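Here are my notes on the model, point by point. Please read them beside the coordinates.

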Amino acid sequence: MDNEAIKEKSIDTDQTPKIYGELWTIAENWSKQGIIDWDKEKYKNALFLEPLQIEGSIRGNDLFEFFKEKNTQVLNANVWEYLKDNNEEIPEEWKTNKKGNSQYIFFWGTIDRSPDGNLYIRYLSWSGGNWVSSTYLLSGNWHEDFPAALFVK
């Protein structure tokens, strides 16, 4: 791969992400890995489920505390933004889980605050033959179809 192609796939995770929507704010952008040279092959298995998600579900606030306490290197909204705009760079393996269910891939490194004050996490999901991007309420229940996207060195 030439230097120009690598540069085009570089994502600066240290910069402040774009705001999700009008009147939204970034509540926290806590997981940063510097500049990532994105390689979808390297990230195809970079998804994480907390054991309670596999057994049933876990509250999002508890999962967030788990990530923070363990200093888990989750990807942030800068990667979400890049993949949202470059769907061909999303690993095929992210579409469905082992049971064949659509997955919602979450980018926990950034917490967004909506105009009503609620906190949300951004995600990408394969639906109807397309990648869809949206957010999910932090305080909701997180189950086995909701993996976190992890940083890979």
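1. Glu-93 is partly exposed, with a relative accessible area of 37%. (Buried means under 20% relative accessible area, exposed over 50%, and partly exposed in between, with a 1.4 Å probe and protein chains only.) Glu-93 sits in the loop between helix 4 and strand 6. Helices (H or I, at least four residues) and strands (E, at least two) are DSSP runs, numbered from the N terminus. Which residue is 7.3 Å from Glu-93, C-alpha to C-alpha? That is Asn-45, 48 residues apart from Glu-93 in sequence.

2. A word on the source. This is a predicted model, in which local features need pLDDT of at least 70 and side-chain atom pairs count only at pLDDT 80 or more, while totals for chains, interfaces and linings use all residues. Residues are numbered from 1 along each chain as its sequence is written, and side-chain values use heavy atoms, with hydrogens and water left out.

3. Helix 4 spans residues 77-85 and is mostly covered. Seven of its nine residues are buried. They are Ala-77, Asn-78, Val-79, Trp-80, Glu-81, Tyr-82 and Leu-83. Asn-76 caps the N-terminal end of this helix. The cap places a side-chain oxygen of Asn-76 3.0 Å from the backbone nitrogen of Asn-78.

4. Thr-16 belongs to the loop between strand 1 (10-12) and strand 2. Thr-16 counts as exposed, at 64% relative accessibility.

5. Is strand 6 largely enclosed or open? Eight of the ten residues of strand 6 (residues 104-113) are buried, so the rest of the structure largely encloses this strand. Strand 6 has two pairings to check. Strands pair if DSSP finds at least two bridges between them. Strand 2 (residues 25-29) runs antiparallel to strand 6, joined by four bridges. Here Thr-25 stands opposite Arg-113. Strand 7 (residues 119-127) is also antiparallel to strand 6, with six bridges. In that pairing Tyr-104 faces Ser-125.

6. The hairpin of strand 6 and strand 7 has five residues between the strands. Within this hairpin, Gly-117 takes a positive phi near 95°.

7. How many salt bridges does a search of the whole structure find? The count is eight. A salt bridge is a side-chain nitrogen of Lys or Arg within 4 Å of a carboxyl oxygen of Asp or Glu. One of them joins the side chains of Asp-112 and Arg-122 (2.6 Å, N to O). Asp-112 lies in strand 6 and Arg-122 in strand 7, so the pair ties together parts ten residues apart in sequence. Both Asp-112 and Arg-122 are buried. Elsewhere, salt bridges with shared partners join Glu-81, Lys-84 and Asp-85 into one network.

8. Another salt bridge is formed by the side chains of Lys-99 and Glu-144 (2.9 Å, N to O). This pair links distant parts of the chain, 45 residues apart. Lys-99 is in the loop between helix 4 and strand 6, and Glu-144 in the loop between strand 9 (141-142) and strand 10 (148-149). Lys-99 is exposed, with a relative accessible area of 59%. Glu-144 is partly exposed, at 22%. Glu-41 and Lys-44 also meet through their side chains in a salt bridge (2.8 Å, N to O). Lys-44 counts as partly exposed, at 25% relative accessibility.

9. Two backbone angles deserve a look. Most residues other than glycine have a negative phi. Leu-23 has a positive phi near 70°. Leu-23 lies in the loop between strand 1 and strand 2 and is exposed, with a relative accessible area of 66%. Asn-71 has a positive phi of about 50°. Asn-71 is placed in the loop between helix 3 (60-69) and helix 4 and is exposed, at 52%.

10. Last, the pocket. The largest pocket is lined by 14 residues. Leu-47, Leu-49, Asn-97, Lys-98 and Gln-103 lie nearest its centre. On a 1 Å grid over the protein atoms alone, a pocket is an open set of points where a 1.4 Å probe fits, with protein on both sides within 12 Å along at least five of seven lines; lining residues have an atom within 4 Å of a point.

Conventions. A polar contact is a pair of N or O atoms within 3.5 Å; within protein, one must be able to donate a hydrogen and the other to accept it, and residues adjacent in sequence count only if both atoms are side-chain atoms.
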